[in-house]
Each structure stands twice: as structure tokens, then as C-alpha cells.
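How do the strands of this chain pair, and what surrounds a residue in one of its loops? The text below the display takes these two topics in turn.

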Amino acid sequence: MNSIDDAQKVLSDYKSGSVRFIGKTPNSNQIVIEHSTVRGTHVSQGVERTSSKFIVKGEKSPSIVPYNPDFN
């Protein structure tokens, strides 16, 4: 994601049901979704990778965070 607008688009599309639900994270049970047009940068152990997959953190004030592109 390059902007707050990107994050808002992912969140709005999530709320409207126009994203693909992939599953839940194994440890924290957070929702993992895939967006067809927005890309983010997932960083793990110093390696940056482009990803169309995001986790939705929280319910009242959700955050959208790029997630592992290999997650299925």
C-alpha cells in the first residue's frame, strides 16, 4: 500500500464483501483477505515482498496490514 487511500479501499472493499476471503492466520486467528488491485509490501526477516494479501487487525478500529504473499 502506498497511501491511506489504499488502506481505506481495502477496508471498504472488505466491508462490502468484494475481496476474496483466504482464511485466518495460524497463530493470532486474524482474517486474511486478497485484494485484486491494491498491493502492499510484506516485510519478514528483512525481506520485502509485494503482496495482494492483507490481514484485518481488530474490529472496532480495524487496521489493514500486508501479509505473506505465499499464504493460502
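The model is predicted.

Start with the open sheet, which has 4 strands in the order β1-β2-β5-β6. Their pairing is antiparallel. β1 (20-24) and β6 (63-66) are the edge strands, each with a single partner strand, so one side of each has no neighbour in the sheet. From one strand to the next, the twist averages 35°.

Within this order, β2 (residues 31-34) and β5 (residues 53-57) run antiparallel and are joined by 4 bridges. Along this pair, Ile-31 stands opposite Val-56 in β5.

Another pairing involves β3 (residues 40-44) and β4 (residues 47-51), which are antiparallel over 5 bridges. Here His-42 is placed opposite Arg-49 in β4. The two strands β3 and β4 make a hairpin, with 2 residues between them.

The loop between β2 and β3 holds His-35. Is His-35 buried or exposed? Its relative accessibility is 3%, and buried means under 20%, so His-35 counts as buried. Apart from its neighbours within four places in sequence, His-35 is in contact with Lys-9, Val-10, Asp-13, Val-19, Ser-52 and Phe-54. A polar atom of the His-35 side chain also lies 3.1 Å from the backbone nitrogen of Val-38.

Technical notes. Residues numbered from 1 in each chain as written. Predicted model: local features only at pLDDT ≥ 70, side-chain atom pairs only at ≥ 80, totals over all residues. Heavy atoms only, no water. Pairing = 2+ DSSP bridges. Axes fitted to C-alpha atoms, helices over the stretch in contact; angles between N-to-C directions. Buried < 20%, exposed > 50% of the residue type's maximum accessible area, 1.4 Å probe, protein only. Polar contact = N/O pair within 3.5 Å; in protein donor to acceptor, adjacent residues only side chain to side chain. Contact = heavy atoms within 4.5 Å.
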